[in-house]
Amino acid sequence: METHQRRSALLLGATGLVGSEILNLLERDGSYDRIVIVTRRPLAAFDGHPTIRQAIVDFDHLGRYANDLRGDDVYCAFGTTMRKAGSREQFSKVDLEYPKQLAMTARSNGASHFLLVSSKGASSGSSNFYLHIKGQLEQALEEMDWPNLTILQPSVIGGDRSESRPLERLGQMLLSVAPSSIRTVPASSIARVMVDAGRRPSMGGTRRIESAEILSIARSLQ
Ligand SMILES: NC(=O)c1ccc[n+]([C@@H]2O[C@H](COP(=O)([O-])OP(=O)(O)OC[C@H]3O[C@@H](n4cnc5c(N)ncnc54)[C@H](OP(=O)(O)O)[C@@H]3O)[C@@H](O)[C@H]2O)c1
């Protein structure tokens, strides 16, 4: 007799460009009996949803919500920009401290797979502050002993934003025809590859999926 394993997902960044694509896929996919989205503001469209539960939190006090931060697989598409953050300290808080704390809590609550949207070039040794912080988060996650850790490292992300990011928009246009290693990666492709990796974790350990590979896996999933 086929047994149905109940699985649950925790999603950080559900209101963002990639996160909203992940949420749509998870909702349609049906692999999870419970999807918890962790946000700072409610998403009215999911009020009363049968499988999606909203944990509205104050990210400066994540410890208060430890009981809500439960899921087998944790999807993280979370972060800000230097322009929005306004300072290195604030940027580091959002792109490193918040996801790190959430990861630690979810891990101690029994989560077994963490899936992260990081960035091409992320390295704790980078002299570029953005890439340094992204690398520090990757390193912190690797030190947490996740049974499965999947890290996607896209180049510039493409998609429609309500918010104006002129430089990013220019980058997206210029890189839309560049070699695949630096080509613009559609947010929908990242989400597809991530949800597929969540459904079929590798044999354990850390798996990094670089930009060109995200594009090629996404094509194969179409
Ligand atoms: N943009 C690119 O070209 C690019 C390239 C490579 C990697 N990345 C990385 O890829 C990831 C996903 O990118 P994206 O473009 O999908 O991100 P996004 O659209 O900017 O979404 C970011 C998410 O983080 C949340 N967030 C930001 N600041 C917050 C704060 N202070 N408190 C609570 N929540 C906060 C947002 O919530 P609210 O909606 O409430 O603000 C949103 O859910 C990010 O880590 C980004 O750095 C981006």
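# Briefing: a parallel sheet and its helices

The axes of helix 6 (residues 187-199) and helix 7 (residues 211-221) approach to within 9 Å and cross at roughly 75 degrees. That angle makes helix 6 roughly perpendicular to helix 7. Please keep in mind that this is a predicted model.

**Helix 6 against helix 7**

- Two packed helices are described by the angle between their axes and the distance between the axes.
- On the helix 6 side, the contact is made by S189, I190, R192, V193 and D196. Helix 7 contributes I214, L215, I217, A218 and L221.
- Sorted by class, this contact of helix 6 with helix 7 has 7 nonpolar, 1 polar and 2 charged residues.
- V193 counts as buried because 25 other C-beta atoms lie within 10 Å, where 20 or more are needed.
- Leaving out residues up to four places away in sequence, V193 touches L152, I209, I214, I217 and A218.
- For the pair V193 and I214, the C-alpha atoms are separated by 6.5 Å, with the two residues 21 apart along the chain.

- An open sheet is formed by 7 strands in the order 3-2-1-4-5-6-9, and the pairing is parallel.
- Strand 3 (52-56) and strand 9 (205-210) stand at the edges; each has a single partner strand, so one side of each is left without a neighbour in the sheet.
- On average, neighbouring strands of this sheet are turned by 15 degrees against each other, direction ignored.

**Strand by strand**

- Strand 1 (residues 8-12) and strand 2 (residues 34-39) run parallel and are joined by 5 bridges. Within this pairing, L11 has I37 of strand 2 as its bridge partner.
- Strand 1 is also joined to strand 4 by 4 bridges, again running parallel. Here the bridge partner of L12 is C76 in strand 4.
- From strand 4, 4 bridges lead on to strand 5, and these strands run parallel. C76 has L116 of strand 5 as its bridge partner.
- Strand 5 then pairs with strand 6 in the parallel sense over 5 bridges. In strand 6, T150 is the bridge partner of L115.

**Which way the side chains point**

- In a regular strand the side chains alternate between the two faces of the sheet.
- In strand 4, D73 and Y75 point one way while V74 and C76 point the other way, and all are buried.
- How many residues of strand 5 are buried? The count is 5 of its 5 residues, and the strand is mostly covered.
- Both faces of strand 5 are covered: H113, L115 and V117 are buried on one side, and F114 and L116 on the other.

**Helices on the sheet**

- Helix 1 (residues 17-29) lies across strand 1, strand 2, strand 3, strand 4 (73-76) and strand 5 (113-117). Helix 1 runs at about 165 degrees to strand 1.
- Helix 6 packs on the sheet as well, touching strand 4, strand 5, strand 6 and strand 9. The direction of helix 6 makes about 170 degrees with that of strand 5.

**The nonpolar core**

- In soluble globular proteins, nonpolar side chains tend to be buried together.
- The largest nonpolar core has 52 residues, of which L11, I22, Y75, C76, F114, I190 and M194 touch the most other members.
- Helix 6 supplies the largest share of this core, 7 residues.
- L11 touches G19, I22, L23, L26, I35, I37, V38 and Y75, not counting residues up to four places away in sequence.

**Two exposed loop residues**

- D145 lies in the loop between helix 4 (129-142) and strand 6 (148-153). Its phi is near 60 degrees, a positive value in a residue other than glycine.
- Why does D145 count as exposed? The reason is that D145 has 8 other C-beta atoms within 10 Å, and 12 or fewer qualifies as exposed.
- H61 lies in the loop between strand 3 and strand 4. With 9 other C-beta atoms within 10 Å, H61 is exposed.
- The C-alpha atoms of H61 and A178 are separated by 42 Å, and the two residues are 117 apart along the chain.

Key:
Residues numbered from 1 in each chain as written. Predicted model: local features only at pLDDT ≥ 70, side-chain atom pairs only at ≥ 80, totals over all residues. Axes fitted to C-alpha atoms, helices over the stretch in contact; angles between N-to-C directions. Parallel < 35°, antiparallel > 145°, perpendicular 65-115°, else oblique. Contact = placed C-beta atoms within 7 Å. Nonpolar A, V, L, I, M, F, W, Y, C, P; charged D, E, K, R; others polar. Pairing = 2+ DSSP bridges. Core = buried A, V, L, I, M, F, W, Y, C linked by C-beta atoms within 7 Å.
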